[in-house]
Amino acid sequence: MTSDFYCDEALSGKTKVSIVAETDDVFAFHHTRPFWPVHIVVVPRVHIPSLTDLGGHPVSLVHKVLEVVTQVAKQVEVEHGEARVLTNLGTYQDSKHLHFHVASGEPFGRNIDTESVAGSQEPV
Ligand SMILES: [Zn+2]
């Protein structure tokens, strides 16, 4: 495992990914180890450490990332009827390269965060 999967593997092309959307500044692809049935990640092409540490990059670059997040999330919402968007910070953040998760469906694993969500689900 590398500490920056995005720079080292996905953006470098070392690991082949299934691209969902891309612009000059932003790259969106299907997660290689999905946590949800629909799991897309959206990242800036340049290295930004996190949402709260832009590494000296202008916030306008985050806005460009969010434009793609919005576009991808809308596609997922239309297709599946529901979607979630999240970015992790601090110890929640595995790879220290800003990335937004766009996901839909029930998570494959269970953790504290998903327990409270599960309580609001209608029985199938
Ligand atoms: Zn990076």
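A residue is called buried if 20 or more other C-beta atoms lie within 10 Å of its own, exposed if 12 or fewer do, and partly exposed in between, with the C-beta atoms placed from the backbone.

## Model and confidence

This is a predicted model, in which local features need a pLDDT of at least 70 and side-chain atom pairs count only at pLDDT 80 or more, while totals for chains, interfaces and linings use all residues. Residues are numbered from 1 along each chain as its sequence is written.

The pLDDT, the predictor's confidence in each residue from 0 to 100, averages 89 over the chain, and 86% of the residues score at least 70. Over residues 112-124 the pLDDT is below 50, and this stretch has two contacts in the model beyond near neighbours in sequence; two residues are in contact if their C-beta atoms, placed from the backbone, lie within 7 Å.

## Overall layout

The chain holds three helices and five strands, in the order α-β-β-β-α-β-β-α from the N terminus on. These elements are DSSP runs numbered from the N terminus, helices being H or I over at least four residues and strands being E over at least two. Of the 124 residues in the chain, 23% are buried, and among contacts between residues at least 6 apart in sequence, 54% join residues at least 24 apart.

Helix α2 has 22 residues (59-80) and should span 32 Å at 1.5 Å a residue, which agrees with the 31 Å between its end C-alpha atoms; the expected span is 1.5 Å times one less than the number of residues. Just after α2, glycine 81 takes a positive phi of about 85°.

The buried residues Val65, Val68, Val69, Val72, Ala73 and Val76 belong to α2. They cover an arc of only 135° around the axis, which puts them on the same side of α2, the arc being that of the directions from the helix axis to the C-beta atoms. An α-helix has 3.6 residues a turn, so residues three or four places apart point the same way. The face of α2 turned away from the buried side carries the exposed residues Val59, Ser60, His63, Lys74 and Val78, whereas the cover over its buried residues includes β1 (19-22), β2 (26-30), β3 (38-44), β4 (84-86) and β5 (100-104).

## Strand pairing and the core

Strands pair if DSSP finds at least two bridges between them. Strand β3, with five of its seven residues buried, runs antiparallel to β2 over five bridges, and histidine 30 stands opposite isoleucine 40 of β3. β3 also pairs with β5 in the antiparallel sense, over five bridges, and there histidine 39 has alanine 103 in β5 as its bridge partner.

A nonpolar core is a set of buried Ala, Val, Leu, Ile, Met, Phe, Trp, Tyr and Cys residues joined through C-beta atoms within 7 Å. The largest such core has 24 residues, of which Ala28, Val42, Val69, Val72 and Val102 touch the most other members. The elements giving two or more residues to this core are α1 (5-10), β2, β3, α2 and β5, and the largest share, six residues, comes from α2. Not counting residues up to four places away in sequence, valine 69 touches Val42, Val85, Phe100 and Val102.

## Histidine 99

Histidine 99 is found in the loop between β4 and β5, and it counts as buried because it has 26 C-beta neighbours inside 10 Å. Leaving aside neighbours within four places in sequence, histidine 99 is in contact with Tyr6, Val41, Val42, Val43 and Thr87. Histidine 99 and valine 65 are 34 residues apart in sequence, yet 8.9 Å apart in space, C-alpha to C-alpha.
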